[in-house]
Amino acid sequence: MFTALEVSQTLRKIRRQNPLIHNITNMVVTQFTANILLALGASPAMVNAEEEVEEFVQIAKALVINLGTINAPQAKAMQLASRTAHDHHIPWVLDPVGVGACTYRSRVAVELLANHPTTIRGNASEILALYALYTQQASHHSGHGVDSKDQPEQALEAAKKLALSCHAIVSISGKTDYITDGHQVIEIHNSHIMMTKVTGSGCSATAITAACLAVETDALAASAHAMALIGTAGDIAMQNTKGPGSLQIALLDALYLLNEDQLISQTNIKLQ
Amino acid sequence: MFTALEVSQTLRKIRRQNPLIHNITNMVVTQFTANILLALGASPAMVNAEEEVEEFVQIAKALVINLGTINAPQAKAMQLASRTAHDHHIPWVLDPVGVGACTYRSRVAVELLANHPTTIRGNASEILALYALYTQQASHHSGHGVDSKDQPEQALEAAKKLALSCHAIVSISGKTDYITDGHQVIEIHNSHIMMTKVTGSGCSATAITAACLAVETDALAASAHAMALIGTAGDIAMQNTKGPGSLQIALLDALYLLNEDQLISQTNIKLQ
Amino acid sequence: MFTALEVSQTLRKIRRQNPLIHNITNMVVTQFTANILLALGASPAMVNAEEEVEEFVQIAKALVINLGTINAPQAKAMQLASRTAHDHHIPWVLDPVGVGACTYRSRVAVELLANHPTTIRGNASEILALYALYTQQASHHSGHGVDSKDQPEQALEAAKKLALSCHAIVSISGKTDYITDGHQVIEIHNSHIMMTKVTGSGCSATAITAACLAVETDALAASAHAMALIGTAGDIAMQNTKGPGSLQIALLDALYLLNEDQLISQTNIKLQ
């Protein structure tokens, strides 16, 4: 399940099936996320009014919930959409942006866990904070907004325990990405440090995770394939990049042009 | 009215008059739409609070209403702004994004028709859905979010009838664009398929339609010229493009640099 | 305080300290602003719910308040965040986008002045309008949305008086930028006219001002250094630019790569 060839098969399925991905996400990354999903071969939609999310999510193949710029109306829509997704067996991904930095979003994140996300994807600081909040340990305050101050390795044990407690896949992004169901751990050694200088690169990984879950029923494999896809596209994009401006453009082009040969030669994915 | 030379004259008027275009649009495309209008030579503003839209629209030369990410406060602002626009003879364009996919936005779209849009611009699925809703036929559910699953040709008859019923121009974007007042039909054979891989390319067409309506009183001509402008700029942009990332950047550059020679040699516009 | 060398030292401090910048800004420029701050070396966050801004701003090193697309909930969050920033001696910057164009935002802007912005940064029309509103002169209506119709020179006297009345730095962007505390005036002669064709270039200047205030205690110097940084990066970016699309990308790359040699050879900053 964890080879570049299988990553390539998941990508082919996305391009063939063009799955509708419902995103309730933050206002910083809406455009970039939509463009990432289009470049990948999926069909994005950003419906987020409480009046329509329950109806809309039912025609979607997967749902993204991203807490980046939540407010009360959006939190309500997220609750409705994720509950409906769970009730209808539609996979959904939680991106707990900035969890631990503020009391409000920490509470919203923990409440959303009750709707059983298929995958939780965040940076190391977010996974550490979410696990601490979930187990009612003294809340972990990152004190630094939305960028991670911890290394992925430091969050791996918390990720495993969170995965087991929530019956979810947990996906930690960083220099090495770790994806776990609590038992198995997949490592991805792609993705350049400059990617952290493009806003929304983490949020894009989340959206791609949703697209993979839409076409691949093994959630651990789908979540790992997603990190392999963005990591490899990022590495290819870096070859034609002078700085973070040209990187975001090159990333969209690379994702659109990504093929099996590139994945086989450049994707570094392995079961731990 | 329907030659490349006249398209060029409309562009020249926009650049000279720098019309203020008021946009109440979705959160995915706000930045791209503003950049498209600036590149074209217009002056965009995105005011969308109910406290100020009535006052603001009166200093604008045209209004865009785009349903992409509506919620209740924005729907109220759209109602106020479009009514004021109509009362003050300010042209306005309705982009019924995703109409038919959800009950709420379908209802909002039909209610907005009461304020007499100058032009309705959408993809084939949206025009088919809006016509069905307007005539209270069984609602047409696209079942696929915001990307069109129908070809423009399939929507042409519905577009003509909708135009006649609403006394509006109806503009369908697709491989071929069709613009009709219910009697005459203009065809534009520009615009590359990769444009559908850039989010907001349809929304940009809507914003450009508003800019053309701001300077050209013949609404059918203005609406057709808009599709010719973005289609031709898109074709030029494609020449320097590797994927959808570089396409969106090249499109802004091409629009900014677009000149009469390019329009005359590359615009494919004709009266049916 | 007002040499290219000192601009370079401020940039170095930002890159070393990676200050968290809290932005409550408009929905057009959120992504671009975040990317500008990341390229500069700061850490942006866009938290804007009334439930969390007071808590979040206390871990930030500076705050941006930008009125571009305000509505009632956001105006409340702005009031709470800026009051907390003032109470905790956290520098904050007011960008009064479109002030004077609508009654509502004019009132909000004047109310925010009560929380003592460290710096007010706007275009000439906005500074003229804000000064007129603050002194309860007949309100200055620009009648043209958010793009300036006045030259910076015309706003300099108003800027000085506003600075003295509010005990704030006032920073006017334009062909020449003027930054004043009411006594001293700094001029920056960088920044190309095409920058006005990229949406959010003014808003980016505001965000960079906040990043400079986060690391440099002299507010006049910090505000001037910010305009020098974006102006110089803009000039460098123009060298590889065909239009406003490629300019916005080149600007991010140039800001990321900006070094002392470039600043010393290209920054045109002087005390008047």
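I start with A:Met46, in the loop between β2 (43-45) and α3 (53-57) of chain A. Helices here are DSSP runs of H or I with at least four residues, strands are runs of E with at least two, and both are numbered from the N terminus.

Before going on, some ground rules. This is a predicted model, in which local features need pLDDT of at least 70, side-chain atom pairs count only at pLDDT 80 or more, and totals for chains, interfaces and linings use all residues. Residues are numbered from 1 along each chain as its sequence is written, chains are lettered from A and ligands numbered from 1 in the order in which they are written, and side-chain values use heavy atoms, with hydrogens and water left out.

Back to A:Met46. Is this residue buried or exposed? A:Met46 counts as buried, because its relative accessibility is 5%. Buried means under 20% relative accessible area, exposed means over 50%, and partly exposed is in between, with a 1.4 Å probe and protein chains only. Leaving aside neighbours within four places in sequence, A:Met46 is in contact with residues of chain A, including A:Asn23 and A:Thr33, and also with B:Val28 and B:Thr69. Contact means heavy atoms within 4.5 Å.

The UniProt entry, which is unreviewed, has a "binding site" annotation that covers A:Met46 and A:Gly200. UniProt positions are given in the numbering used here, feature names are shortened, and annotations may be inferred rather than shown by experiment. A:Gly200 sits in the loop between β8 (185-188) and α8 (201-215) of chain A. With a relative accessible area of 8%, A:Gly200 is buried.

Next, where chain A meets chain B. The contact involves 27 residues from chain A and 32 residues from chain B. Between them these two chains bury about 2600 Å², and carbon and sulfur atoms give 57% of that. Buried area is the accessible area, by a 1.4 Å probe, that two parts lose on being put together, summed over both. On the chain A side, A:Gln31, A:Leu38 and A:Glu52 lose the most area to chain B, together 22% of what that side buries.

How many salt bridges are there between chain A and chain B? The count is one. A salt bridge is a side-chain nitrogen of Lys or Arg within 4 Å of a carboxyl oxygen of Asp or Glu. Side chains of opposite charge can pair when their charged atoms come close. The pair here is B:Arg105 with A:Glu52, and their closest N and O atoms are 2.4 Å apart.

Now chain B and chain C. Here 26 residues of chain B are in contact with 32 residues of chain C. The buried area is about 2600 Å², with 57% of it on carbon and sulfur atoms. B:Gln31, B:Leu38 and B:Glu52 supply 22% of the area that chain B buries against chain C, more than any other three residues. One salt bridge is found across this interface. The side chains that meet are those of B:Glu52 and C:Arg105, at 2.5 Å from N to O. B:Glu52 lies in the loop between β2 and α3 of chain B and C:Arg105 in helix α5 (residues 103-113) of chain C, so this pair joins two chains. B:Glu52 and C:Arg105 are both buried.

Over all chains, the structure holds 21 salt bridges. One of them pairs A:Asp95 with A:Arg121, with 3.3 Å between the closest N and O atoms. A:Asp95 is in strand β4 (residues 92-95) and A:Arg121 in strand β5 (residues 119-123) of chain A, so the pair ties together parts that are 26 residues apart in sequence. A:Asp95 is buried at 1% relative accessibility, and A:Arg121 is buried at 2%.

Another pair is C:Glu157 and C:Lys160, where the closest N and O atoms are 3.5 Å apart. Both lie in helix α7 (residues 152-166) of chain C, three residues apart, about one turn of the helix. C:Glu157 is partly exposed at 47% relative accessibility, and C:Lys160 is partly exposed at 21%.

Last, B:Leu255, in helix α10 of chain B. B:Leu255 is buried, at 1% relative accessibility. From B:Leu255 to B:Leu40 is 215 residues in sequence and 5.8 Å in space, C-alpha to C-alpha.
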